[in-house]
Amino acid sequence: MSLDLNNPAWDFALEFYGQPGMSDACLTLQDQIDADIVGLVMVLFCWARRRQSLSQQEIATLASAMQDWRAATVLPLRRIRRDLKSARADLPQDTKEILRSTVKKAELLAEQIHIAMIFALLPPMNRTVPVDDLGVVIRRFLSQEWAGDVPKSCQIAIGSIVRTVALSD
């Protein structure tokens, strides 16, 4: 199996995450409801660039296919990077920052691979399915991971994402 790491979904992810407020909005969703931001970015990519609204089943299929990679690679690297953010008595600060920077690069590469893996599994572009409202699509995706009421801060983050993606469309 060969993966195209520099695919249109990766370009979209970099563009999206670079928009003002998007990193904070994504971190809010990630930290408060454990949202899979890579999965969310792929749902946004499908909506904005491919004119596709992924169904609940398609989202579930993609999430299931990527669950092992996320659990075994992305999440442990993120945890290590975050753990290294705090001062450590057993490690000089400059050494810790070198290690943290290396782990951060590895986490970003793991996310790029994650995006490439999902990109390879996306449904064909030639299907004729109506494009749903972006807010509906985001909530459909988040409902895979979060069954409770969405906190107000996450509702605000979702609104910010909807506005940003809709304007860049």
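What follows is a look at the nonpolar cores and the salt bridges of this predicted model. Residues are numbered from 1 along each chain as its sequence is written, and side-chain values use heavy atoms, with hydrogens and water left out. Because the model is predicted, local features need pLDDT of at least 70 and side-chain atom pairs count only at pLDDT 80 or more, while totals for chains, interfaces and linings use all residues.

Start with the inside. A nonpolar core here is a set of buried Ala, Val, Leu, Ile, Met, Phe, Trp, Tyr and Cys residues joined through side-chain atoms within 4.5 Å; buried means under 20% relative accessible area, exposed over 50%, and partly exposed in between, with a 1.4 Å probe and protein chains only. The largest such core holds 41 residues, and Phe16, Leu29, Leu44 and Ile161 touch the most other members. Two or more residues each come from α1 (8-17), α2 (22-33), α3 (37-49), α4 (56-83), α5 (93-121), α6 (134-142) and α7 (152-168), with α3 giving the largest share, 11 residues. Helices are DSSP runs (H or I, at least four residues), numbered from the N terminus. Apart from this core lies another, of 5 residues, including Val74, Leu77, Val103 and Ala110.

Skipping neighbours within four places in sequence, Leu29 is in contact (heavy atoms within 4.5 Å) with Asp34, Ala35, Ile37, Leu40, Leu142, Cys154, Ala157, Ile158 and Ile161.

Now for the charged pairs. The structure holds 11 salt bridges, each a side-chain nitrogen of Lys or Arg within 4 Å of a carboxyl oxygen of Asp or Glu. One of them joins Arg82 and Asp31, at 2.8 Å from N to O. Arg82 sits in helix α4 and Asp31 in helix α2, so this pair ties together parts that are 51 residues apart in sequence. Both ends are partly exposed: Arg82 has a relative accessible area of 33%, and Asp31 comes in at 48%.

Helix α4 also supplies Arg70, whose partner Asp34 is in the loop between α2 and α3, so parts 36 residues apart in sequence are tied together. Arg70 is buried, at 12% relative accessibility, whereas Asp34 is partly exposed at 46%.

A further salt bridge links Asp90 with Arg88, their closest N and O atoms being 2.7 Å apart. Asp90 is exposed at 58%, and Arg88 is partly exposed at 36%.
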